[in-house]
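Colleague: I am new to this entry. Could you show it to me and take me through it?

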Amino acid sequence: MSTVNSTHEHQSSGGGVPYKKYKHAHHWRSQSEEFDAVKLGFWLFLATEVLLFGGIFCAYAIFRMMHPEAWKEGSSALDWRWGGLNTVVLLLSSYTMAASIFAVQTGQFARAKRNLLITLFCGCLFVAIKMTFEYIPKWSGFFFILDPSLATYKAAAVEGKTAFMGLFQYVEGYGGKRPGELFTHPFAKDPNVPMWWSVYYSGTALHALHVIIGMILIARVYIKLGKGHYGPTYYSGVEIAGLYWHLVDLIWIFLFPLLYLIH
Amino acid sequence: MTTVDTSKSGGAHGGHGGHGHHGSYLEPRSSFLATIWDWATTVDHKKIGVMYLFAVLFLFFVAGVLALMVRTELLTPVRFVDGKVVGQELFSLFYPGEEATSVNKGNTVYNRIFTLHGAIMVFMVIVPSIPSSLGNFFLPLMIGAKDVAFPKLNLLSWYIYVIGSLFGIAAITQGGVETGWTFYTPYSSNTDFGQVTLMVLAAFILGFSSILTGLNFVVTVHKLRAPGMGWFDMPLFVWATYATAIIQVLATPVIGITLLLLCLERVFKIGIFDPALGGDPVLYQHFFWFYSHPVVYVMILPGMGIISDVLAVQSRKHIFGYKAIAFSSLGIAAVSFLVWGHHMFTSMGEIASVVFSGLTFLVAIPTAVKVFNWISTLYKGTIALNTPMLYVLIFLFLFSIGGLTGLPLATMSTDMHLHDTYFVVAHFHYVMMGGTIMALMAGLHHWWPKMFGRMYNEFGGMVGAILVFVGFNVTFFTQFFLGTQGMPRRYASYVTEFQTLHQISTVGSFILLLGFLVHLFVFIHSLMAGAKAPKNPWGGLTLEWVADSPPETHNFPHEPLVKNGPYDFESTVPPHWDPKDYPLENAGAHKH
């Protein structure tokens with residue numbers, strides 16, 4: 001190599017080349033060594049993610065111990081069916097993600113893209129369910145009109161209802177389940193229920209943020225796959241997006257029973 | 001070649017990379033702007049290391065000025081004379097035109113200044129200092145690699161570091177923070193003063209930089225060692241950096257979530273740490289120290305690595321107890337995760353406190369193993385008493401004091417008396433400054449010729465080192481006395497009985513400043529007019545001495561093949577050899 005700035009030329013790491021021509025970065029001896037290193041690095045990164053959520057789980061455990069009544073009251077306000085549906089959605093998406101990695105490894109690109117699209121769709125569905133049926137009603141008292149539980153709550157509502165933007169209906173006395181000082185729900189029995197909502201919103205919102213980041217990674221993989229950057233001989237991008245997505249799934253697998261199932 | 005065979009390619013080399021001479025990594029581009037752009041977009045670990053070095057040294061200067069302001073304010077106790085405040089004249093700079101009739105304003109400025117000193121020193125200087133600057137530069141060189149495992153990620157961590165530091169500087173200029181660098185709740189979550197959110201975000205962002213650097217180093221050490229370099233052929237600086245990187249990866253996420261929750265607490269009032277809303281302020285302290293205690297070892301371990309390498313080279317003797325030093329690094333890393341509770345003796349139960357006290361004593365064991373091994377290495381060595389070696393000796397002296405004064409703080413009965421006094425201040429300055437910064441200075445002088453291709457002035461370096469040593473001890477040894485006599489930390493004023501000791505301490509801090517200014521002058525002089533450095537000015541056997549001074553872009557012309565251990569001086573260097581006599585090219589070398 002006689003060029004002076006060869007550093008930059010070697011650094012493309014597959015940025016704009018089809019997978020068959022992919023050449024590992026200049027400081028690796030072979031592509032498989034590079035792939036191993038990428039995987040090791042990403043597993044370490046996943047460890048940091050687990051520790052990040054570890055803080056939330058730790059807070060959950062400690063406050064559960066400090067305020068068991070508040071935890072009972074707070075968790076009973078969550079509907080396990082929405083949480084369960086979201087669990088199914090994420091598990092399905094984990095399957096399709098794994099399937100798309102397999103498809104890339106075996107050169108079935110149409111199948112890989114189809115599976116990636118389903119994964120992306122599941123990610124969107126997860127966030128949509130979370131927002132529409134969980135966050136918005138609990139925070140503000142506005143229910144999506146197709147929400148099956150709306151009828152129940154309307155019957156139990158204190159005072160009438162007001163229509164909002166056509167798609168949402170207001171149920172008096174249901175909303176205000178917010179974290180900490182923002183808590184305005186009028187029927188809380190335990191004074192520490194706002195703590196529960198603090199942990200609930202911190203944990204699930206941080207998780208939802210990870211779902212969105214995961215979707216961005218998958219969308220990037222989808223686009224690069226369309227351009228022919230990945231294939232049976234080079235697929236580290238697909239693999240690490242998959243690892244990340246499984247982590248997102250795994251964290252939800254822990255959040256779901258802790259928040260929705262045990263009281 | 002001494003250590004390696006670079007005459008033929010290492011076989012599995014893939015056939016690309018350096019054929020022929022690339023030129024030094026410092027070589028400027030065609031125009032000034034092109035050079036700037038080249039540095040701003042570089043993925044070369046050496047350039048990134050140098051950029052970190054200068055950023056860290058600049059922030060060290062800023063934090064040093066803040067420390068001097070604290071010391072200057074403490075020259076006299078604050079008192080009222082004719083209804084006016086006397087003793088805080090310096091701080092009238094911060095509220096110009098107003099006359100101080102109460103101590104509140106001055107005390108607030110004092111709180112701001114020591115908080116900024118602490119926050120800058122911890123998050124922006126000491127944590128990244130050695131790993132990100134010297135580590136970045138020398139870790140790949142020492143293991144014979146062309147770069148770190150993920151060069152782009154390395155550049156990203158540099159930019160994250162810059163963004164984090166900018167957030168910190170923004171917080172300073174927009175009103176500052178007066179919580180202390182630990183941001184203890186509920187004060188930090190409730191105070192309306194200053195820019196706590198901004199400063200906390202700065203620390204959060206800097207944490208990401210630290211994680212990514214650590215991750216990069218772990219993978220680099222695992223995957224990029226040159227052929228022939230087993231784990232126990234690695235220089236001890238690499239071992240120490242590796243142990244550090246593991247702590248960075250495993251501890252930093254916890255401070256990440258803690259600071260994130262603190263931000264949410266401030267912005268959304270989620271109340272997790274606020275007792276008024278049902279939260280638990282002690283939980284914050286547990287979270288905080290679960291990170292911040294291991295991070296103390298992030299600060300000191302790379303320094304210990306530098307000492308091991310510089311000491312062996314400058315006394316031209318095989319390091320005593322190589323494996324003991326390597327494993328004690330890992331041992332310190334492991335124990336570091338189990339001692340956080342000693343910051344909260346008063347807020348935990350009796351049994352927990354006893355357990356944490358006992359675990360804290362454990363840290364002394366691997367640390368003492370290191371110190372004894374270093375001293376044994378000196379025995380019958382051919383000691384070259386130059387600036388790096390002088391700093392090694394300074395380190396051994398100061399760090400031993402720092403380490404031993406940690407023991408009365410780990411003992412609960414004595415800690416009850418010493419807790420939150422100047423004794424603690426003196427203790428951690430002996431460890432952080434007397435340990436890490438002295439090791440940084442040792443490493444900086446030792447590797448300066450390699451980094452910039454120029455020698456520094458030995459006499460100037462020695463004068464600087466002596467001034468720093470004297471200034472440091474005058475500043476901080478007095479604080480042990482202040483602490484045992486009951487002077488609490490973080491106070492802007494004191495009873496007049498303490499004045500003599502405070503004044504001695506302040507004089508010491510200015511001697512310290514003088515010492516560092518001498519070093520600054522020596523470094524600038526070296527860059528502008530220093531003699532050209534040979535490849536191997538000290539006769540080191542580790543791989544970085546095989547590369548050019550300064551190294552070429554790809555570090556080595558060919559992938560090096562390791563033939564001997566990093567400290568096999570006895571078998572490779574003739575007795576009474578002096579680097580000035582003739583280059584060490586002909587000393588035959590075989591592994592072990």
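Modeller: A term to begin with: a nonpolar core is a set of buried Ala, Val, Leu, Ile, Met, Phe, Trp, Tyr and Cys residues joined through C-beta atoms within 7 Å. A residue is buried if 20 or more other C-beta atoms, placed from the backbone, lie within 10 Å of its own. This is a predicted model, in which local features need pLDDT of at least 70 and side-chain atom pairs pLDDT 80 or more, while totals for chains, interfaces and linings use all residues. Residues are numbered from 1 along each chain as its sequence is written, and chains are lettered from A and ligands numbered from 1 in the order in which they are written.

Colleague: Which residues touch the most other members of the largest nonpolar core?

Modeller: They are B:V218, B:I307, B:V392, B:F395 and B:A442, in a core of 233 residues.

Colleague: And what does B:V218 touch?

Modeller: Leaving out residues up to four places away in sequence, B:V218 touches A:L44, B:Y242, B:A245, B:I246 and B:V249; contact requires C-beta atoms, placed from the backbone, within 7 Å. A second, separate core has 5 residues, among them A:F143 and A:Y174.

Colleague: Turning to chain A, what domains does the assignment give?

Modeller: Domain 1 covers 29-140 + 184-261 and domain 2 covers 142-175, with bounds from an automatic or database domain assignment. Their C-alpha centres lie 29 Å apart.

Colleague: How many residues of each are in contact?

Modeller: In chain A, 10 residues of domain 1 are in contact with 8 of domain 2.

Colleague: How much of chain A is buried?

Modeller: Of its 263 residues, 38% count as buried.

How values were computed:
Contact = placed C-beta atoms within 7 Å. Buried ≥ 20, exposed ≤ 12 C-beta atoms within 10 Å, placed from the backbone.
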